[in-house]
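Let's take a look at this chain together. Keep the sequence and the 3D view open while you read.

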Amino acid sequence: MNPHHANAATVVETVERVRRQVDVLLWTGIVLGLLFTMANVQHFAAAGAPAFSLIWWAAWLLDPMVSLVLIAILRAEQVTARHQVAVGPWVRRAKWATLAATYAMNTWTAWAGDAWGPVLLHSVPVMVVFLAAEALTDLNEKLTQASTNVFTTTTNTPFTDTAATPFMNPAAPSVNASNGTATNTAAAVHEQASGDVHEHARSHRRGRGRQKSTARVTFDDYLNTARRERTPETVVTPAWVREVTACSRGLSSRLAATLLTEPTPPPTTRTTPESNGARTVLVNAMTTGEARP
């Protein structure tokens with residue numbers, strides 16, 4: 001197995017682990033920021049209404065209405081950025097509009113006052129949510145690009161194996177000039193060499209057995225399998241890649257991204273056994289002169 005592929009798989013596993021950590025931390029900050037703004041928006045929307053009145057309860061619905069739309073947009077952008085799919089302009093407009101509405105409802109009362117402290121206090125959570133929302137999309141796109149670059153570099157790197165070193169036995173005794181000593185020494189060397197050859201063969205068989213048991217499926221193996229199963233009607237998704245290759249969830253995204261950069265395979269025409277049989281009968285008839293127009 002090419003050692004570059006093993007190193008690339010390790011790098012991709014590290015990237016996926018970092019991606020999960022980044023997602024958890026960013027989403028935790030976004031949710032906490034939205035929860036903080038929810039209380040401020042409720043206080044702003046209630047406008048001094050009595051507690052537990054109908055207007056007081058309805059004021060709690062305003063911030064979740066905006067926040068749920070924002071979370072839906074961020075979640076979709078997270079997936080599209082991971083697979084490097086561009087979104088339309090209305091997605092960004094909707095995200096900025098919901099963030100602007102959240103900021104306005106949080107700071108409207110603070111801007112009406114004379115102190116700058118409440119303005120800063122109510123502005124920081126909304127700004128953190130806005131910056132985290134923008135960073136979430138960019139980070140997912142760059143992490144996906146990092147994984148793709150690893151496999152692109154690995155595919156273009158040639159693999160050169162180390163030349164085998166000839167076997168030399170340093171313990172073999174030297175041959176003396178006398179005939180008797182030369183004969184005895186030659187026999188001893190032959191016996192020693194024969195034993196070394198048998199031991200080397202046994203070690204080689206054991207090494208092959210261990211190599212078969214520890215062989216790994218490389219990225220190219222998975223990719224070639226997916227290429228063979230792909231047809232012009234196939235919709236390439238990570239779920240389809242896992243179905244045809246039985247690879248892991250993290251690797252299926254990389255395979256799907258690589259397949260989407262390749263051209264769609266042309267349609268193939270298949271001959272059925274019936275058509276093959278009819279063609280054979282026609283050729284035989286033409287050969288024997290029995291064919292009729």
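## A buried glutamate

Before we start, one cut-off: a residue counts as buried when its relative accessible area is under 20%. Also keep in mind that this is a predicted model.

Now find E77, which sits in helix α3, residues 62-82. Is E77 buried or exposed? With a relative accessible area of 3%, E77 is buried, because buried means under 20%. And what does E77 touch, once we skip its neighbours within four places in sequence? Its contacts are V87, V91, K95 and T137.

## Where α3 meets α4

E77 also takes part in a meeting of two helices, α3 and α4. Helix α4 covers residues 89-112, and its axis comes within 10 Å of the α3 axis. The two axes cross at roughly 145°, and the crossing is left-handed.

Which residues make this contact? From α3 come L62, D63, V66, V69, L70, I73, L74 and E77. On the α4 side, look for V91, A94, K95, T98, L99, T102 and M105.

## The largest nonpolar core

Next, move along to the largest nonpolar core, which has 12 residues. Its members are F219, Y222, L223, A226, V236, W240, V241, C247, L251, L255, A256 and L259. Two or more of these residues come from each of α7 (219-229), α8 (238-245) and α9 (249-260). Apart from this core lies another one of 11 residues, including W27, I30, L34 and V129. As a general point, nonpolar side chains tend to be buried together in soluble globular proteins.

Leaving aside neighbours within four places in sequence, V241 is in contact with A246, C247, S252, L255, A256 and L259.

## One side of α7

Four residues of α7 are buried: F219, Y222, L223 and A226. Why are they on the same side of α7? They cover an arc of only 100° around the axis, so they end up on the same side of the helix. Here's the general idea: an α-helix has 3.6 residues a turn, so residues three or four places apart point the same way.

## The whole chain

Finally, zoom out. The chain has 10 helices and zero strands. Of its 293 residues, 28% count as buried. The chain exposes about 19700 Å², with carbon and sulfur atoms supplying 64% of that area.

How about contacts between residues at least 6 apart in sequence? Among those, 66% join residues at least 24 apart.

Conventions: Residues numbered from 1 in each chain as written. Predicted model: local features only at pLDDT ≥ 70, side-chain atom pairs only at ≥ 80, totals over all residues. Heavy atoms only, no water. Core = buried A, V, L, I, M, F, W, Y, C linked by side-chain atoms within 4.5 Å. Buried < 20%, exposed > 50% of the residue type's maximum accessible area, 1.4 Å probe, protein only. Contact = heavy atoms within 4.5 Å. Arc of directions from axis to C-beta. Areas by Shrake-Rupley, 256 points an atom, 1.4 Å probe, with all protein chains shown as cover. Axes fitted to C-alpha atoms, helices over the stretch in contact; angles between N-to-C directions. Left-handed = near helix turned anticlockwise from the far one by under 90°.
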